[in-house]
Amino acid sequence: MARIDLKELAHSYMAMPSGPEDYALRRMDHTWEDGGAYALLGPSGCGKTTLLNIISGLVKPSEGQVLFNGQEVTRLEPEHRNIAQVFQFPVIYDTMTVRQNLGFPLKNRGMEPSYIQERVETVADMLGLTESLDRKAVGLGADEKQKISMGRGLVREDVGAVLFDEPLTVIDPHMKWQLRRKLKELHETLDLTLIYVTHDQIEALTFADKVVVLYGGKVVQLGTPQELFEEPAHTFVGYFIGSPGMNFMDCRLDNGAAVVDGHRIDLAEGVADRAPGDAKQLELGIRPEFLRFADEGEEGVPANVDDIRDLGNFQIVTVTMGDGRRLQLKMDEEKAVPSSDNARLVFPPQWTKLYADSELVG
Amino acid sequence: MTLSLDHVRKVVNGQPHIYDLSLTVKPGSFNVLLGLTLAGKTSTMRLMAGLDKPTSGRVVVNDRDVTGVPVQKRNVAMVYQQFINYPAMTVFDNIASPLKIARISKTEIRERVHHEAERLHIEHLLDRLPGELSGGQQQRVAMARALVRDVELLLMDEPLVNLDYKLREELREEMSEIFRERDSIVVYATTDPMEALTLGGNTAVLDRGRLVQYGATPEVYHRPDSIPVTQVFSDPPMNILDGDISDDGLTFGGGERFQPPDHFRDLPHGRYRIGIRPSHVKVNPQTDVDLPIEGNVDVAEVTGSETFIHMRRGNSEWVVQDDGVHEYHLGDKLTVYVDPAHLFAFGDDDSLVASPGARSAHAA
């Protein structure tokens, strides 16, 4: 197991990078705790795969260092790093049995047969592969094969970290539940450092203790799922996490409150005072889960109800404010939506966030 | 046009891929084929398109039997998972290609390409090559090429599956706009229940080569005909528990007996399978009549806004989906609550015998 330090790490695929835009990965300093489950989350091209490849050793960073337990490994090849990797598609030997596949990394390292057997059976038990241990891999389905790939990643007790590169891509939604749950249980029992790359927020959020959100080669937030949801540090995090993402509105400030379309919207205590005076753009952000309709007799910002969509166990309501701005509310399936002509919106100050040039003010 | 599959079967190398399937889709309708991998979604589409001939049964278009009429002779377009475009042609020429083959005038081609590109928000990319575009943009081009022809039948086989989560969300939001006011029949295959709900229209649920339910999408979700539908059209799948009704009341999932809810009133005594959606199992009671269920936690998954708790009680496994952050760990004791008004009951043959009352009017 290992703690991973990234020291002044940056990477450009160009020989002579001239500005920040030439970097696939902008400079970062992070310590990832031993035994933590980390997810690297972001859209294609955000740098998450580059970062994973730097940690695994497939890519040598152009600047900075990577340390495992305080030992520099920046220039070491993957096979000398004591890591295991699980890829998007199952990488297994079809002609071998499940048992031989799982034991392969151990056999390769010359481990005792009795140890291999014990270890393979432990891992198979955890992944629900015990029944098929002596079957050939060739006849198995994609999800079973991917379980074997995961098992091979987890079979060595001496690895510093296990890296997963979008491992659930080929898996059916209902199997994803089971595999994700297996991974989470394995993490709780084995106490391994796990690093998981994905573009799927649900996978990242449910798997990880800490999520590293990457955007344009930059880490825009590193936090717990709850922090990313409740306190997005950047408008991109607000947009990317949550479905639908955060509502944003341009605003100006007046006497401690935000003003949108001529309506005053209260912010949490002291937030307006912390806004930088030279900000080019001020925005209010509120999640569809926190925006709500006013109760009987309660004040609120008038809005028109445009659309109500039944999405099973919740509904998405689209409303338009006086200036044509569209906002979305996510509501329980059984909550009543007011009729269009007397809808009023309430922005709870605790959940109404102020952003200056895309960065969270408070 | 109206398209019907009439008792269609497909057997490949002795293996049945589609069992006796009958389905009629109406002009201008949007139809989702929902099923897991290998459920028969692609096989069904290929039969509809005329790419494959059924082993038995008929394909009928506007009362005309077209079984065996090849795809070239039908007015059909297909969009695939992979982004298929001509790499050496500009986006304009890619979209225009089916019109050029149809020998349509240059002015009309230009007009139609621009119109379609505008609707799919790729007008600014018309001079680029596909290789210069992102995955989402490439799939928009493939879709524009399919749409520009005014086909009678448009088949889309998991078109968003290779896109990033957020792009997928954006495109499926737009999709209902794009297909509004079209006469074509659209058939859209997906494994994702949320995608089906967002797209709306009608949903046909496929399970291992069989059509198990077809109807208006929200209706199928809220009133699943059988247990297979509750497993395919719900993410996470509905909790299904063994239970029975006797003189002493209702029990399920190894719990205590209690008075059955009103909508179970007419059920005779006997064994049932009882269904409850994860979103209707909560950590705190919601009503006075909620039933407490005690169990042990396997794992809790926190998404930031909600928590999925996997727990077990005796032999029964439960998934709980509740708002907010709830921290639990392996082995923790936990009591969760079920409102009996939300229970479903299924009979011996897995078919629905009782479901929660009609939903309130606002969500219809």
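Is B:R119 buried, partly exposed or exposed? B:R119 is partly exposed, at a relative accessible area of 27%. Buried means under 20% relative accessible area, exposed over 50%, and partly exposed in between (1.4 Å probe, protein chains only).

This is a predicted model: local features need pLDDT of at least 70, side-chain atom pairs count only at pLDDT 80 or more, and totals for chains, interfaces and linings use all residues. Residues are numbered from 1 along each chain as its sequence is written, chains are lettered from A and ligands numbered from 1 in the order in which they are written, and side-chain values use heavy atoms, with hydrogens and water left out.

**View 1. A salt bridge links B:E116 and B:R119.** The closest N and O atoms of the pair are 3.1 Å apart. A salt bridge is a side-chain nitrogen of Lys or Arg within 4 Å of a carboxyl oxygen of Asp or Glu. Both residues sit in helix 3 (residues 106–119) of chain B. They are three residues apart, so about one helical turn separates them. Helices (H or I, at least four residues) and strands (E, at least two) are DSSP runs, numbered from the N terminus. B:E116 is buried, with a relative accessible area of 5%. Elsewhere, salt bridges that share partners join A:R181, A:K182, A:E185, B:D298, B:R312 and B:E317 into one network.

**View 2. A:K182 pairs with A:E185 in a salt bridge.** The N to O distance is 3.9 Å. The two residues lie three apart in helix 5 (residues 173–190) of chain A, so the separation is about one helical turn. A:K182 is partly exposed at 25% relative accessible area. A:E185 counts as buried at 17%.

**View 3. A:R309 and A:D307 form a salt bridge.** Here N to O is 3.7 Å. A:D307 is partly exposed, with 30% relative accessibility. Over all chains, the search of the whole structure finds 38 salt bridges.

**View 4. B:R112 of helix 3 of chain B reaches B:V148.** The side chain of B:R112 comes to 2.8 Å from the backbone oxygen of B:V148. Neighbours within four places in sequence aside, B:R112 is in contact (heavy atoms within 4.5 Å) with B:L99, B:I104, B:V148, B:R149 and B:D150.

**View 5. Domain 1 of chain B meets domain 2 of chain B.** Domain 1 covers 3–232 and domain 2 covers 239–354. These bounds come from an automatic or database domain assignment. The domain centres, taken over C-alpha atoms, are 37 Å apart. Ten residues of domain 1 are in contact with eight residues of domain 2. The two domains bury about 730 Å² between them, 63% of it on carbon and sulfur atoms. Buried area is the accessible area (1.4 Å probe) that two parts lose on being put together, summed over both. In domain 1 of chain B, B:Y221, B:P224 and B:I227 lose the most area to domain 2, together 57% of what that side buries.

View 6. Three residue pairs are in polar contact between the domains, both residues at pLDDT 80 or more. A polar contact is a pair of N or O atoms within 3.5 Å; within protein, one must be able to donate a hydrogen and the other to accept it, and residues adjacent in sequence count only if both atoms are side-chain atoms. On the domain 1 side, helix 7 (217–222) and helix 8 (227–232) of chain B are the elements that give two or more residues. Helix 8 gives the most, with four residues.
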